[in-house]
Amino acid sequence: MKKIKETVKAFLAIPYIKYIVVLVAGIVLIGFGGSNSVWSHFKHKILISELKEEIEIYEGEYQRDQAQIHQLQSNPKAMERIARERYFMKNDGEDIFVLSEDEQSLNTNDDNEATEQD
């Protein structure tokens, strides 16, 4: 215990040590403590740059959507094309054939083959 006291007294005997300790403690508090610290400032700066990139992406999508809306409002053929492609709408007297692979029938065939091999 005496050794610790002697070490502390020797440490405090160094001139200007109090100022150095306060300075280091202040730098630590300002740099890493609280909501206005330098650390949180850098984190917020990174977040802002990510959000700006996201804004640019959404602005591009917005411009593309605005162009498509303008095209749909000014060109009735474009609206008909969208209605036929996306919503499978048709004129009177037309038939629509949707060509796609039926995954369900492929799975059923695989199941039947597995049971036949057993």
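This is a predicted model: local features need pLDDT of at least 70, side-chain atom pairs count only at pLDDT 80 or more; totals for chains, interfaces and linings use all residues.

User: How many helices and strands does the protein chain have?

Analyst: Helices (H or I, at least four residues) and strands (E, at least two) are DSSP runs, numbered from the N terminus. The protein chain has five helices and zero strands. From the N terminus, the order is α-α-α-α-α.

User: What share of the 118 residues counts as buried?

Analyst: Buried means under 20% relative accessible area, exposed over 50%, and partly exposed in between (1.4 Å probe, protein chains only). Here 6% of the 118 residues of the protein chain count as buried.

User: How far apart are the end C-alpha atoms of helix α4?

Analyst: The expected span of a helix is 1.5 Å times one less than its number of residues. Helix α4 covers residues 76-87, which is 12 residues, so it should span 16 Å. Its end C-alpha atoms are 16 Å apart, which agrees.

User: Which residues of α4 are buried?

Analyst: First the general idea. An α-helix has 3.6 residues a turn, so residues three or four places apart point the same way. In α4, the buried residues are Ala78, Ile82 and Ala83. Seen down the axis of α4, they fall within an arc of 135° (taken from the directions from the helix axis to the C-beta atoms), so they line one face of the helix. On the other side of α4, Pro76 and Lys77 are exposed. The cover over the buried residues of α4 includes α3, residues 38-74.

User: At what angle do the axes of α3 and α4 cross?

Analyst: Two packed helices are described by the angle between their axes and the distance between the axes. Axes are lines fitted to C-alpha atoms, for helices over the stretch in contact, and angles run from 0 to 180 degrees between N-to-C directions. The axes of α3 and α4 come within 5 Å and cross at roughly 110°. Contact means heavy atoms within 4.5 Å. From α3, the contact involves Gln68, Gln71, Leu72 and Ser74. From α4, it involves Pro76, Ala78, Met79, Arg81, Ile82 and Arg86.

User: What is found at the start of α4, and which residue follows the helix?

Analyst: At the start, a side-chain oxygen of Asn75 reaches to within 3.2 Å of the backbone nitrogen of Lys77. Phe88 follows α4, and its phi is positive, near 55°.

User: Is Ser37 buried or exposed?

Analyst: Ser37 is in the loop between α2 (17-32) and α3. Its relative accessible area is 2%, so Ser37 is buried. Not counting residues up to four places away in sequence, Ser37 touches Ile30, Gly31 and Phe32.

User: Is Tyr16 buried or exposed?

Analyst: Tyr16 sits in the loop between α1 (2-12) and α2. With a relative accessible area of 62%, Tyr16 is exposed. Tyr16 is not a glycine, although its phi is positive, about 65°.

Technical notes: Residues are numbered from 1 along each chain as its sequence is written. Side-chain values use heavy atoms; hydrogens and water are left out. A polar contact is a pair of N or O atoms within 3.5 Å; within protein, one must be able to donate a hydrogen and the other to accept it, and residues adjacent in sequence count only if both atoms are side-chain atoms.
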